[in-house]
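Dear colleague,

My notes on it follow directly after.

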Amino acid sequence: MITMELTEWQKQGKDLFGEEAKNWRFKCVKCGHIQTAKDFKDIGMNPESYVHFSCIGRWKEGVGCDWTLGGLFTIHKKEVIVEDGKKIPVFMFDGEPEPEKGGV
Ligand SMILES: [Zn+2]
């Protein structure tokens, strides 16, 4: 599991894809679909709570899958520590190296 602070995560996004968060490319942990905030805006959704967390296939037919990290099963590989120390699961960035497989 990769765990990082929010600021560290934001820096990583900027380093990979530039200042604009809407251009950050996230990879669905289940199907590997690559999505950006723009993809969600294009279907009339607020991307902020979804782009790093739920596969766009939940709402858009023909792409991705219906995976969301809020579900019962944990297959995500990355977590971000937000305020009050809470950890939220996130999709990895496109092109980010996979962490070593640990015991499940
Ligand atoms: Zn997916």
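A residue is called buried here if its relative accessible area is under 20%, and exposed if that area is over 50%. Please bear in mind that this is a predicted model.

By that cut-off Cys 28 is buried, because its relative accessible area is 2%. Cys 55 likewise counts as buried, because its value is 0%. Both residues belong to the metal site: the zinc ion is coordinated by the SG atoms of Cys 28, Cys 31, Cys 55 and Cys 65, at 2.3 Å. The angles among the 4 donor atoms run from 107 to 113°, and the site is tetrahedral. Along the chain, the donors of the zinc ion are spaced as C-x2-C-x23-C-x9-C. Cys 28 and Cys 55 link distant parts of the chain, 27 residues apart. Cys 28 lies in the loop between strand 2 (26-27) and strand 3 (34-35), while Cys 55 lies in the loop between helix 2 (37-42) and strand 4.

I turn next to the strand pairing. Strand 1 (residues 2-5) and strand 4 (residues 78-81) run parallel and are joined by 4 bridges. Strand 4 also pairs with strand 5 (residues 87-89), in this case antiparallel, through 3 bridges. Glu 79 of strand 4 takes part in both pairings: Thr 3 stands opposite this residue, and Pro 89 in strand 5 is its bridge partner. The hairpin formed by strand 4 and strand 5 has 5 residues between the strands, and in this hairpin Asp 84 adopts a positive phi near 60°.

With kind regards

Key: Residues numbered from 1 in each chain as written. Predicted model: local features only at pLDDT ≥ 70, side-chain atom pairs only at ≥ 80, totals over all residues. Heavy atoms only, no water. Pairing = 2+ DSSP bridges. Helix = DSSP H or I, 4+ residues; strand = E, 2+ residues; numbered from the N terminus. Donors = N, O, S within 2.8 Å, 3.2 Å for Na, K, Ca; no water. Tetrahedral: all angles 85-135°; square planar, octahedral: opposite > 155°, others 65-115°. Buried < 20%, exposed > 50% of the residue type's maximum accessible area, 1.4 Å probe, protein only.
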